[in-house]
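Have a look at the model first, then read on.

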Amino acid sequence: MPHLKSSDLFYTETGTGSPLVFIHGLGASGAMFEPQIEHFSQKYRVICPDLRGNGQSGRLGGPVKTILDRQCDEIAALLDHLKVKKAVFCGISYGGVFTFHFALRHPNKIKAIVIADSTGDTAPKSIKERIILIGFSLMFWLIYFPRSIILPLIKTNYKKWPLAERHIIHIADNLRKYEAVLQHYAILRTNHTKNLHKLSCPTLGMVGNTLDISLKLMQRSLQKIHSSELYVITNSVDPTNLCQPAIFNKVLSNFLNKIHW
């Protein structure tokens with residue numbers, strides 16, 4: 001598999017055609033796009049990097065406030081290395097936060113963006129939302145619990161989605177915990193929503209309908225972007241690309257077909 005050794009950044013590249021870049025969730029890797037690589041590589045040049053601090057890429061350190069900047073600049077350098085002028089970016093969860101950041105930081109390299117199960121910021125709009133978001137933040141620290149506790153929780157939460165369950169277990173077993181913590185804090189520091197009006201690229205949002213808070217956060221972000229559309233996927237939760245891969249691929253395909261490459 002291709003590996004950009006100069007920056008210690010691992011990536012896979014499959015297929016030919018217009019470039020489509022998938023950005024994984026927190027602590028995951030490009031491997032979480034298994035169903036998308038198989039489907040979209042038949043028509044597109046599918047590029048799946050492991051962001052620094054994740055998967056098989058190099059170690060992540062330095063100030064939390066510059067993590068997203070540095071990760072974005074590395075992916076921009078990867079596109080230059082691959083001689084890709086512009087690409088469609090599709091980010092899941094943390095990858096969605098990254099994609100917003102990348103589109104604002106490197107707009108000249110963006111053809112369109114797809115944001116799934118993510119948000120432009122995590123600022124609560126009510127006491128209820130604050131309580132829910134605090135709960136999610138506290139749940140993050142389960143990563144330091146033993147596997148004997150984490151595994152049953154994953155199986156319980158993802159029992160309806162066996163493909164997602166398999167991948168989430170793999171992610172948990174291979175999680176680089178300290179670097180995941182750094183990226184978790186990077187998310188909490190960001191507020192892209194206030195700048196999303198600057199984006200003029202075609203934008204698609206996808207989110208599962210299982211958690212109401214996820215839908216509300218996505219709606220707030222996308223309503224700031226003039227050329228955006230939101231698709232709610234029923235019977236799904238983060239990550240929708242693994243919970244409902246067939247629907248996810250169909251919605252993404254329809255969106256890509258409307259882009260003037």
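**Inside and outside**

In this predicted model, F98 touches I23, L51, L68, Q71, C72, I75 and F89, leaving aside residues up to four places away in sequence.

**The largest core**
- The largest nonpolar core holds 38 residues, and I75, F89, F98, F102 and I113 touch the most other members.
- Two or more residues of this core come from each of these strands: β2 (9–14), β3 (19–23), β5 (87–92) and β6 (110–116).
- The helices that do likewise are α2 (67–81), α3 (94–105), α7 (177–189) and α8 (212–222).

**A separate core**
- Apart from that one lies another core, this time of 37 residues, including L151, C243, F255 and I259.
- As general background, nonpolar side chains in soluble globular proteins tend to be buried together.

**Out on the surface**
- Is Y144 buried or partly exposed? Y144 counts as partly exposed because its relative accessible area is 45%.
- I127 is found in helix α4, and I127 counts as exposed because its relative accessible area is 69%.
- I127 and C243 are 116 residues apart along the chain, and their C-alpha atoms are separated by 30 Å.

Note on methods: Residues numbered from 1 in each chain as written. Predicted model: local features only at pLDDT ≥ 70, side-chain atom pairs only at ≥ 80, totals over all residues. Heavy atoms only, no water. Core = buried A, V, L, I, M, F, W, Y, C linked by side-chain atoms within 4.5 Å. Buried < 20%, exposed > 50% of the residue type's maximum accessible area, 1.4 Å probe, protein only. Helix = DSSP H or I, 4+ residues; strand = E, 2+ residues; numbered from the N terminus. Contact = heavy atoms within 4.5 Å.
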